[in-house]
Amino acid sequence: PIAHSAPAGTGYCKAMRRADDEEEEEPTIAQSSVRAKHLFAARFADQVLAAVIKECVVGKLVVELCQLGDKMILELTGGVFNTPEGKDKEKVEKGIAFPTCISVNHTVCHYSPVSSDTTTLKDGDVAKIDLGVHIDGFVAQVAHTVVVQKAAKPVTGKLADLMVAGRHCLDAALRMLQPGRKNNDIPPLWTKIAEQFGVHVAEGVLSHRLKKFVIDGNECILAKPAFEQRVEDVEFGENEVWSIDLLLTESAGKPRPIEDRPLVYKRCPDQQYMLRLKASKDVFREINQKFQIFPFSVRHLDSKTGPIGVSDCLRHDLLVAYPILFIKAGEAAVHLKCTVLISEEKTERVTGVIAATSTQEFKSEKQLTDPEILELLARPLTFAGKKGPGASEKAKKPKKGTVAAARKKEGEGSAKAEGEGDDDDEWETEEDEEEEEQEKAKAKGKDKPAEKKSKGKSEDKDKGVKEAAPEKPSEKPAEKPAAKEKEPTSAKMEQPPKPEAGSAGGKKKGKK
C-alpha cells in the first residue's frame, strides 16, 4: 500500500482543510452565522420528517420513502447559502448528513435499502424514521417512530408505553443538558423512567456532541452503561450542540447486527490507501466529492460499480459500516432522536418538534410517580443564573478590568488584567464595585487642584494684568492675599505658589 491524500479539490479535502484551519478557534453557536446554519438544517430536517411521516401509509415501498427524504433534503439545502464564504471564497458544502433510514418492526436502525428493494408497509407496522441534514458541516439530526394504520386511532398497549416513556426521557435529558452537569447524570434518569413504564433502555446506543463536520465525536452519552462499555465523564458547556439518541425496547438487551450486508457507510478519515482498480477509484472519488465525511447509502452510488468499490474500500479500511440492527422478532421498539442547542441562557430543542406534537395519539395506562423526576420535568428550560452544580470554570469568568479579575491574574502570575469586561458577564461583586468607586473618587480629588491652576493661568493671559493668589494647601488655613502691584511680574514674585498636598514627588519649589 502507498499512503496518499485524497485527490485535490474533492469535498473531503475541503472539509478536512477547514477543520485544520479552525483547530485554534472552534466555531460555536455563539456566532450568529453558525447558529443560523444549525437552525436552517434543523428546520429542513423537521420538514422532511413531517413529509415522510405523512407518506407512511399501507402499501408504500420503504425505498420510495427513503428516496423522498433524501430528495427533499437536497432540494431544501440547495436553496440557501449559495454565496461562497470564507477567505478563499469556497462553495458552502451542504446536503445529507445522514441518509433517510426507515427500519420496520424488529429492525431498529440503519435500514436504507437499494432501489430494487421490495419491502412495503403493512397495517400495524412500526416504522422508525431516521435522517440528518447539514449546512457547511453544521448538523441537525432527527428520528421518530410512527405506527402505520389504515384508519387513525389511538395507539395503546406496549407501544404506547414505549412512546410515552421515550418522550419523558427526552424531556428529562433536555433539563439535564446545562453547563456544569455531566453526561453520566442522564442514563440513571432514563432507566428510572423506563422502569416505571415496564420497558427497557437498549444498550450500546450513543448520543454525541456535534461539531463542524463531526457527527460522532468522542464526547458522548451512553444510554445504558454496561460492564464492557463505558464512556468518560464529560461536563456540558455553553454554546454546545448535542444529538440525543434513544432506543427503548420491550425486553432488556443489546440490539444485534443482522447478517445481511450493511447499507450505510461513512468515510474513515484516519485511513489512506492507493486503490488499484479503476472502478474502486471512481467510487471512492465520488464518495469524497458528494458526501465528504458524512454517512451515505449504497443507493446513492452507481448500481454496477458501487458494490465493487465499496467492497474494495472496506477491505482497506477506507470506509466504516453502519450495521443493520435488530431485536427479537415480534417485539416492539421505539427510536427517538433530537438535536439540542445549549446557549448561555437556555436549552433549546431544534429538531423533533414536529414529532413531539404529532397528531398520532399514544395512550398509556401507566404514569410517572417518582417525585424527583416529576419535579425535574416541571422545571423550565431556561437556566440564567441557575446553572448546574459544579458549573465549569469557563462559564464563571470574572468581569475583566475589575478588581476580582486583577486578583485572579496576580494569582496566576500575570502582571496586569487585560481588556475590558463583556456586558453579558455578571460575575462582578458588590465589593468590587465599591472599591472601583473609591478609586475613582480619589483620582477625581487629585485632578481638582491641577484643573484650578491651569484655569487661573489661562485667565491671566486673557485679561492681562492680574494678581496671582497663592494656592491653598489642604492641611493649612487660608492666608491673606498679597497687596496688588502695578506690574504683574512683581505680584507673581512676592508670593510663590505653595506645594500641592499629597503629591507623589514630595515638596516642589515655586516657579517665577
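The sulfur of Cys 101 lies 6.4 Å from the closest cysteine sulfur, that of Cys 66, which is too far for a bond. A disulfide is taken here as a pair of cysteine sulfur atoms within 2.5 Å, and a search of the whole structure returns zero of them. Cys 66 is accordingly in no disulfide. Cys 101 is buried, with a relative accessible area of 1%, and Cys 66 is buried at 0%. Buried denotes under 20% relative accessible area, exposed over 50%, and partly exposed the range in between (1.4 Å probe, protein chains only).

The model is predicted: local features need pLDDT of at least 70 and side-chain atom pairs count only at pLDDT 80 or more, whereas totals for chains, interfaces and linings use all residues. Residues are numbered from 1 along each chain as its sequence is written, and side-chain values use heavy atoms, with hydrogens and water left out.

Helices (H or I, at least four residues) and strands (E, at least two) are DSSP runs numbered from the N terminus. Strand E3 comprises residues 126-135, and ten of its ten residues are buried. Burial extends to both faces of E3: Val 126, Lys 128, Asp 130, Gly 132 and His 134 lie on one side, and Ala 127, Ile 129, Leu 131, Val 133 and Ile 135 lie on the other. Two strands are said to pair if DSSP finds at least two bridges between them. In general, strands of a sheet pair through backbone hydrogen bonds, either parallel or antiparallel. Strand E1 (residues 94-104) pairs with E3 in the antiparallel sense over eight bridges, and Val 104 stands opposite Ala 127 of E3.

E3 is also joined to strand E4 (residues 138-147), by ten bridges and in antiparallel fashion. Within this pairing, Ala 127 stands opposite Val 146 and Lys 128 opposite Thr 145. The hairpin of E3 and E4 has two residues between the strands, and Asp 136 takes a positive phi near 60 degrees there. E4 is largely enclosed by the rest of the structure, because ten of its ten residues are buried. Both of its faces are covered, with Phe 138, Ala 140, Val 142, His 144 and Val 146 on one side and Val 139, Gln 141, Ala 143, Thr 145 and Val 147 on the other.

Thr 77 belongs to helix H3 (residues 62-77) and counts as buried at 2% relative accessibility. Contact, defined as heavy atoms within 4.5 Å, links Thr 77 to Phe 44, Lys 94, Gly 95, Val 133, His 134 and Ile 135 when neighbours within four places in sequence are left aside. The side chain of Thr 77 also reaches the backbone oxygen of Leu 74 at 3.4 Å. This falls under polar contacts, which are pairs of N or O atoms within 3.5 Å; within protein, one atom must be able to donate a hydrogen and the other to accept it, and residues adjacent in sequence count only if both atoms are side-chain atoms.

A nonpolar core is a set of buried Ala, Val, Leu, Ile, Met, Phe, Trp, Tyr and Cys residues joined through side-chain atoms within 4.5 Å. The largest has 52 residues, and those with the most contacts inside it are Leu 177, Ile 186, Trp 190, Ile 193, Trp 242 and Ile 244. At least two residues of this core come from each of strand E2 (107-109), helix H4 (158-176), helix H5 (186-196), strand E8 (240-249), strand E14 (333-342) and helix H9 (371-377). H4 supplies the largest share, twelve residues. A second, separate core of 48 residues includes Val 34, Tyr 111, Leu 121 and Leu 263. With residues up to four places away in sequence not counted, Trp 190 touches Cys 169, Leu 170, Ala 173, Val 201, Ser 207, Ala 223, Ile 244, Asp 245 and Leu 246.

E2 and E13 (residues 325-326) are connected by two bridges, with Leu 325 as the bridge partner of Cys 109. Two bridges connect E10 (residues 264-267) and E11, where Phe 296 is the bridge partner of Tyr 265.
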